[in-house]
Every structure is written in C-alpha cells, then in structure tokens.
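Here is a short briefing to read beside the sequence and the 3D view. Keep both open and look up each residue as it comes.

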Amino acid sequence: MAPAATSKPSKTAELPEDPAGRARFDELIAADQRVEPTDWMPEAYRKTLVRQVSQHAHSEIIGMQPEGNWITRAPSLKRKAILMAKVQDEAGHGLYLYSAAQTLGTPREQMTEDLISGKAKYSSIFNYPTPTWADMGSIGWLVDGAAICNQVPLCRASYGPYARAMVRVCKEESFHQRQGFEILLHLSRGTKEQREMAQESVNRWYAPALMMFGPPDGDSPNSAQSMAWNIKRFSNDELRQRFVDMLVPQAEVLGLTLPDPDLKWNEERGHYDFGDLDWDEFYEVLKGRGPANAIRLERRRTAHEEGAWVREAAAAYAERRRVAAEKVKAA
C-alpha cells in the first residue's frame, strides 16, 4: 500500500468557471466519452464524484470487517484461504478507489479523517452482524451480487479513473459472488442444521441487500443528476429490479426461499413483483443507529491509530530515497 501523506487535510480550491471548459465538458458528456482529471469539470460534478467514489472506497474498507471476523473460524483450511483472499481483494478495491478519488483533488488523509470521525457515509449493509458461517455465503451471493449489478454499469461511468478502477473491481467481485453461492449451495445440500442455517442467513440478508441500491427513485435526490452526467447508467429502482430478477432462478438452484410473500412473476411487466422494503430501517442504519455501526467505526479508528508507525516508516523511507536520489543527481 502506498504511504499516506503526512500533511494536514486541506480543502480543494474550486475550479473557476471556464466557458470553453464548460463547452468541452458538455461535448464529452453528450458524446458519452470520458472526462479525465486534467479536463475542466463543473464543481458540482467533482463534488458528486468525490462523495460517490470516496463512499465506495470507505465501503470496501469497512466491508473487510464482517468477513474478517470469520477468517480464524472458517470450517476448513480451504475456506480460510479463500476468505483471506477475498478480504485482501476488498483492501485492494479500497486502494484503487481512494486513488481514483484523489485524482479529483481530495487528499486521502482527508477522506480517512472523514470516515473515522463518522462524517463520511459508507454502505449501510456492512452495519449488520455476521453470527454464522452461512453469512459468508449470503454476503457473497446477495451483497456481492448486488454490488456487481450496481457496479458493472459503472465501468462505463463518465469519469475515466473511476470507470477504469471498476473494471478490475467487478472482475474480482464476480469471484466473490460465486464463492458465496458455492458456500450456500454446499450448506443447502448438507445436513438439516446446515440447510436451516443457510435459510436463516438468507432471511436476514435479503432485504438489506435490496436496499443497497439506495432509496426509491422518488426519494433519491442525487440519481437524476448523476445519470445526466453519465456517472450512473440506471436508476436505483431499475437496478433493484434487475437484481431481483437475477436472484429468483438462483434461489431455485440453491433450494432456498427468498423471504418475500409478495414475490411473484408478472407476465405483463416481464419482471418479478416484490414487496415493499422497510425504509425506516434503512435510514436508521444510515444515520449510524444500525446493529454494528459503532463497532465498525471503532475498529477502523483503532486500526488507523495502530498503523500510524507503518505510515510514518513508509514516509521516512520514501524521504530517504528522495534525498539519496537528489545526491546522485547532483554528483
């Protein structure tokens, strides 16, 4: 991991309005082409991306915790090795995304401070506990499955660094989803206790996974503008519908039931109808009052404090190399 900078966080200066830059930006968006860090961009576009990309990065880092909880308790050496690899992938995803956010002029230390202070948001799904091994399957199948559904279109996002980072992220998330599906498949074909554990886990994670796409379109203030800027390609409700349509046949293969009595095929729409979600719960978790919000942030703060010596050592080593290089150059 690249060493963190040691300077204090500073606010990024807003770009002045540039008629020629504005015209070029509008042309790029209209032509469905990429905006790069050196291009002029509206301040609102930059702020939207900083919010979205940094929150995405925070989610990858916080998302290591629910599964890291099971590394030492995985039921076999094979399962342990696979889970370790997955958690390491999440750390890498956070690194790619923080790097993408930095190209927008926001220092990484500022993003880190916003996270550990509780100012920044991250995906509410990671504020739920993981009491059973089956949760490793549900997170892979449902949570990572929802992430793929949401993130594959981001590979075509209008901001170049974000779109390019998402290509690798999505490839690795596909492995994570298959890993989770395989865990649940193994459990669903096991003993009565294993099947019950798998079903109980799916019952808990199904609704929170559907909420990962965000509130209904009518209650999502940022979606319309993000779609106009080609950051997002589909609305929250469109993505949620795609996800449900994808889940139903997979659940049949698993022999597990999706916990929604209103779930049924609608021939006229060509999609599955599904029941209302508890959006009060969603907002409560988002506000920091979920089952594991406090635990997640406290562990992130502790890890950041205990890792200070690593950042300091890396910075000192980089400085020593810089000085040595300058001496050689001057000789």
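**Charges over rings**

In this predicted model, the charged end of Arg-242 lies over the ring of Phe-234, 3.9 Å from the ring's centre. Arg-73 does likewise with another ring: its charged end sits over Trp-70, 3.9 Å from the centre of that ring.

**Aromatic pairs**

- A pair of aromatic rings is described by two things: how far apart the centres are and the angle between the planes.
- How many aromatic pairs does the count come to? The count comes to eight.
- Tyr-45 and Trp-229 form an edge-to-face pair. Their centres are 5.4 Å apart, and the angle between their planes is 90°.
- This pair links distant parts of the chain, 184 residues apart. Tyr-45 is in helix α2, while Trp-229 is in the loop between α9 and α10.
- Are Tyr-45 and Trp-229 buried or exposed? Both are buried.
- Phe-25 joins the picture too: ring pairs link Phe-25, Tyr-45 and Trp-229 into a cluster.

**The largest pocket**

- Rolling a probe the size of a water molecule over the atoms shows where empty space is left.
- The largest pocket holds about 1,100 Å³ of space.
- Its lining has 45 residues. The closest to the pocket's centre are Gln-55, Asn-150, Met-212, Phe-213 and Gly-214.
- Which elements give two or more residues to this lining? They are α2 (43–62), α6 (134–151), α7 (160–188), α9 (223–228), α10 (236–254) and α11 (279–289).
- Helix α6 gives the largest share of the lining, with seven residues.
- By residue type, the lining divides into 20 nonpolar, 15 polar and ten charged residues.

**Two side-chain contacts**

- Glu-196 is part of helix α8, which covers residues 192–211.
- The side chain of Glu-196 makes a polar contact of 2.5 Å with the side chain of Lys-192.
- Why is Glu-196 called partly exposed? Its relative accessible area is 43%, and partly exposed covers values between the 20% limit for buried and the 50% limit for exposed.
- Glu-196 and Leu-256 are 60 residues apart along the chain. Their C-alpha atoms are separated by 9.5 Å.
- His-93 belongs to helix α4, residues 77–102.
- The relative accessibility of His-93 is 0%, so His-93 counts as buried; the cut-off for buried is under 20%.
- The side chain of His-93 is joined to the side chain of Glu-173 by a polar contact of 3.5 Å.

**Positive phi angles**

- Asp-32 is not a glycine, yet its phi is positive, near 60°.
- Where does Asp-32 lie? It lies in the loop between α1 (19–30) and α2.
- Asp-32 is partly exposed, because its relative accessible area is 41%.
- Asn-230 is not a glycine either, and its phi is positive at about 65°.
- The loop between α9 and α10 holds Asn-230. Trp-229 of the aromatic pair is in the loop between α9 and α10 as well.
- Asn-230 has a relative accessible area of 13%, so it is buried.

Technical notes
Residues are numbered from 1 along each chain as its sequence is written. This is a predicted model: local features need pLDDT of at least 70, side-chain atom pairs count only at pLDDT 80 or more; totals for chains, interfaces and linings use all residues. Side-chain values use heavy atoms; hydrogens and water are left out. On a 1 Å grid over the protein atoms alone, a cavity is a set of points where a 1.4 Å probe fits but cannot get out, and a pocket is an open set with protein on both sides within 12 Å along at least five of seven lines; lining residues have an atom within 4 Å of a point. Grid points are joined across faces, edges and corners, and a volume is the space filled by probe spheres set on the points. Helices (H or I, at least four residues) and strands (E, at least two) are DSSP runs, numbered from the N terminus. Ala, Val, Leu, Ile, Met, Phe, Trp, Tyr, Cys and Pro count as nonpolar, Asp, Glu, Lys and Arg as charged, and the others, Gly among them, as polar. Buried means under 20% relative accessible area, exposed over 50%, partly exposed in between (1.4 Å probe, protein chains only). A polar contact is a pair of N or O atoms within 3.5 Å; within protein, one must be able to donate a hydrogen and the other to accept it, and residues adjacent in sequence count only if both atoms are side-chain atoms. Rings of Phe, Tyr and Trp (its six-membered ring) pair if their centres lie within 6.5 Å; planes under 30 degrees apart count as stacked, over 60 as edge-to-face and the rest as tilted. A charge sits over a ring if NZ of Lys or CZ of Arg is within 6 Å of the ring centre and within 35 degrees of the ring normal.
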